[in-house]
Amino acid sequence: MLTRRTLFAAASGIAAAAVSRSALASLPEPAYAATGASTAPPALPGSGRPFNPVVTLNGWSAPWRMKDGWKEFHLVAEPVVREIAPGMKANLWGYNGQSPGPTIEAVEGDRVRLFVTNKLPEHTTIHWHGQILPSGMDGVGGLSQPHIKPGETYVYEFQLRKSGTFMYHPHADEMVQMAMGMMGMFIVHPRDPNQYRVDRDFVFLMNAYEIAPGAATPKVVEMTNFNLWTWNSRVFPGIDALPVRLGDRVRIRFGNLTMTNHPIHLHGYDFAVTGTDGGWVPPQARWPEVTIDCPVGAMRAFEFDAVHPGDWAFHCHKSHHTMNAMGHDVPTMIGVDHHGLARRIVSLIPDYMMMGERGMADMGEMEMELPENTLPMMTGSGPFGPLEMGGMFTVVKVREGLGRNDYRDPGWYRHPPGSVAYKWPKT
Ligand SMILES: [Cu+2]
């Protein structure tokens, strides 16, 4: 069996040897994110048809070049290091230096040519999830094409038949390659940029990892027991906030490539479900929700008018999915008097952690001894104290006076006097 060490040694050897610069000369230069793990502002198209770009949470969109009427992208499948949140980095596989790979944005009717170079230690393919395309471009290794061997480049060419929210991911050794973080979003904008136009259009992918405390490489055979529930391979407080200008029409879209469903909940609003895997929901068929469940392998989009200012929690409603590594196997100790017991056990097992007899909230502010490269289970602090969150959690920040294209974090909401829950009796 390959160990992690041999896997990565093999990968770096391939990167140096098999894909020389001259071999890449006729390909579009593969692009790498300039912004690290922070959210890149939306990039207006420099060539091709006009569209209103999306904002990828803690991510970016791939540039392209136009050649003879084709929009050409270049994805490089390769090992990457991704910061999951400050204090933890993971050895993942991804595209163009990141997991997830860059968001691909194009326009309905575009002819796209996607070069895929494999710098992984094993073969791969890319499946264009949800796209209507020729069978031979569907990217299922062995079924619709030969696998892309390490060092090889394959080309996918198809015309984008419809607009909507799509994904891309390997269809080769899928369990391993998706558990290692190989995926990305593929946004096809309507031919008419005014159709379904919004002011802010956010997008992210849901993924999950099982990374043992102190380790950095996911356990790829895990099926259900993940300990890092991520949006774009980030956990709270590493997931950027979604800054929104008061009055903006906002769309949030996401895809789910984890092994379970995620009921995604936004506070402070009801929203209209405007997109599914199959495309746009016709306006007369949209339905209102405050939580929209996203099944495995599916995409969803919802929209709302940002008329309520404030800091609105936005998260998966499975409470285990707003927790980080550690603690999922902790026995329930509520109501049990185990005074002194923990100290005696810790003297035998230094990493031992026990739930408090009053619950686990104390952990939110506790300075716990953690192994290297390990995130606390619940963390983050807000203007009123510890948030006791992790995983799939962030904040939609609706503010008056934000600039039209300003995506900088506006800080915490300043509540109007008399509008915050208060302690009774008033002193
Ligand atoms: Cu979830």
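Of the 427 residues in this chain, 41% count as buried, where buried means that 20 or more other C-beta atoms lie within 10 Å of the residue's own, exposed means 12 or fewer, and partly exposed covers what falls in between, with the C-beta atoms placed from the backbone. Please keep in mind that this is a predicted model, in which local features need a pLDDT of at least 70 and side-chain atom pairs count only at pLDDT 80 or more, while totals for chains, interfaces and linings use all residues. Residues are numbered from 1 along each chain as its sequence is written.

Let me turn to confidence. The pLDDT, which is the predictor's confidence in each residue on a scale from 0 to 100, averages 88 over the chain, and 85% of the residues score at least 70. Over residues 1–20, however, the pLDDT is below 50, and this stretch has 21 contacts in the model beyond near neighbours in sequence, a contact being two residues whose C-beta atoms, placed from the backbone, lie within 7 Å. Where pLDDT is low, the predicted coordinates should not be read in detail.

Now to the secondary structure. The chain has four helices and 24 strands; these are DSSP runs numbered from the N terminus, with helices being H or I over at least four residues and strands being E over at least two. Among contacts between residues at least 6 apart in sequence, 73% join residues at least 24 apart.

How are the strands arranged in sheets?

Strand 21 (residues 310–316) and strand 24 (residues 393–399) run antiparallel and are joined by six bridges, with Val396 of strand 24 as the bridge partner of Trp312.

Strand 3 (residues 70–85) pairs with strand 4 in the antiparallel sense over eight bridges, and in the hairpin they form, which has two residues between the strands, Gly87 takes a positive phi near 105 degrees. Why is strand 4 described as largely enclosed by the rest of the structure? The reason is that six of its eight residues are buried.

The loop between strand 4 and strand 5 holds Asn96, which has a positive phi of about 50 degrees although it is not a glycine, and which is buried because 22 other C-beta atoms lie within 10 Å. Gly101, in the loop between strand 4 (88–95) and strand 5, counts as buried because it has 30 C-beta neighbours inside 10 Å. Not counting residues up to four places away in sequence, Gly101 touches Leu75, Gly94, Tyr95, Asn96 and Gly184.

For contrast, consider Asp68, in the loop between strand 2 (65–67) and strand 3. Asp68 also has a positive phi of about 50 degrees without being a glycine, but it counts as exposed, with 7 C-beta neighbours inside 10 Å.

Finally, which residues touch the most other members of the largest nonpolar core? They are Met167, Phe186, Leu228 and Phe254, in a core of 89 residues, and a nonpolar core here is a set of buried Ala, Val, Leu, Ile, Met, Phe, Trp, Tyr and Cys residues joined through C-beta atoms within 7 Å. Leaving aside residues up to four places away in sequence, the contacts of Leu228 include Ile84, Ala208 and Tyr209.

Notes
Two strands pair if DSSP finds at least two bridges between them.
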